[in-house]
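Visitor: I would like to learn how to read a protein model by looking at it. Could you walk me through this one, feature by feature?

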Amino acid sequence: MKKKWIATIHLDTLEIESDPSFKFRCLENCAECCFRLEVPLRDEDIERLEEIGYSTWEFVDYEKMFYRGDRFLGYALKKRPFDGGCIFLQEDGKCKVYPHRPLACKLYPFVLIRKGNTLEVYIKEEEFCKGINHPQGEPFTLELVKKYFWEIVEDYRRKLGFSKVS
């Protein structure tokens with residue numbers, strides 16, 4: 001996977017340094033990532049989906065596992081057997097569980113790496129994601145962060161002892 005730095009977020013001040021040329025827009029009804037990616041599920045993702053009425057056997061693929069080194073990270077989200085799309089992808093190209101979707105889905109195509117009091121943000125450079133540097137995309141600002149991965153920023157700020165900011 002190729003990745004490119006696009007921003008650094010200072011978790012104490014929420015100041016952002018970013019690549020001014022970068023833009024992003026998740027394209028409606030695109031769903032390429034829903035077909036092409038294997039999505040890891042965290043325990044929190046599984047619990048959130050169970051809370052809205054799904055049983056794990058409906059969406060967890062126990063045959064696919066994710067590891068970092070020798071550390072088990074979790075199982076994969078199931079794919080539809082007839083076309084390889086995500087189990088939650090509807091015919092209209094929209095996600096059936098969008099407000100409750102797994103963290104990996106919320107983050108894509110961003111990669112976050114915490115280094116001390118900063119969060120480095122990279123973009124996965126994959127040709128199938130047409131939202132990367134889309135002409136109508138948004139620049140990397142706090143508004144974009146809030147739209148795509150604010151809960152992670154808040155979680156890191158809490159863990160580091162910084163006050164919660166909305």
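Guide: Gladly. Let us begin with one glycine: Gly161 lies in the segment that follows helix 6. Please keep in mind that this is a predicted model.

Visitor: Is Gly161 buried or exposed?

Guide: Exposed means a relative accessible area over 50%. Gly161 has 63%, so Gly161 counts as exposed. The C-alpha atoms of Gly161 and Asp12 are 8.9 Å apart, although 149 residues separate the two along the chain.

Visitor: Let us step back to the whole fold. How many helices and strands are there?

Guide: The protein has six helices and eight strands. Read from the N terminus, their order is β-β-β-α-α-α-β-β-α-β-β-β-α-α. The radius of gyration is 17 Å, close to the 15 Å that the globule rule gives for 166 residues, so the protein is as compact as a globular protein of that length. Along the principal axes, the C-alpha atoms fill a box of roughly 45 × 35 × 30 Å.

Visitor: And what share of the residues is buried?

Guide: Buried residues are 39% of the 166.

Visitor: Now a helix, please. Why do residues three or four places apart point the same way?

Guide: An α-helix has 3.6 residues a turn, so residues with that spacing point the same way. Now look at helix 2, residues 43-51, where Asp45, Ile46, Arg48 and Leu49 are buried. These residues cover an arc of only 165 degrees around the axis, which puts them on the same side of helix 2. Asp43 and Glu51 are exposed on the other side.

Visitor: What covers the buried residues of helix 2?

Guide: The cover includes helix 3, strand 4, helix 4 and helix 6. After helix 2 comes Gly53, whose phi is positive, near 105 degrees.

Visitor: How should I describe a pair of aromatic rings?

Guide: Give the distance of the centres and the angle of the planes. Searching the whole structure turns up 13 aromatic pairs. One of them, Tyr108 with Phe128, is stacked, at 6.1 Å centre to centre and 0 degrees between the planes. This pair links distant parts of the chain, 20 residues apart: Tyr108 is in the loop between helix 4 and strand 6, and Phe128 is in the loop between strand 7 and strand 8. Tyr108 is buried at 9% relative accessibility, and Phe128 is buried with a relative accessible area of 12%.

Visitor: Which arrangement do Phe110 and Phe140 show, and at what angle?

Guide: Phe110 and Phe140 are edge-to-face, with 70 degrees between the planes and 6.4 Å centre to centre. Phe110 sits in strand 6 and Phe140 in the loop between strand 8 and helix 5, 30 residues apart. Both are buried. Ring pairs also link Phe110 and Phe140 into a cluster with Phe22, Phe24, Tyr148 and Phe149.

Visitor: Where do charges sit over rings?

Guide: Two places are worth a look. Lys3 lies over the face of Tyr122, 4.9 Å from the ring centre. The charged end of Lys146 is over the ring of Trp150, at 5.3 Å from its centre.

Definitions and conventions
Residues numbered from 1 in each chain as written. Predicted model: local features only at pLDDT ≥ 70, side-chain atom pairs only at ≥ 80, totals over all residues. Heavy atoms only, no water. Phe/Tyr/Trp six-rings, centres within 6.5 Å; stacked < 30°, edge-to-face > 60°. Helix = DSSP H or I, 4+ residues; strand = E, 2+ residues; numbered from the N terminus. Buried < 20%, exposed > 50% of the residue type's maximum accessible area, 1.4 Å probe, protein only. Lys NZ or Arg CZ within 6 Å of the ring centre and 35° of its normal. Rg over C-alpha atoms; globule rule 2.2 N^0.38 Å. Arc of directions from axis to C-beta. Contact = heavy atoms within 4.5 Å.
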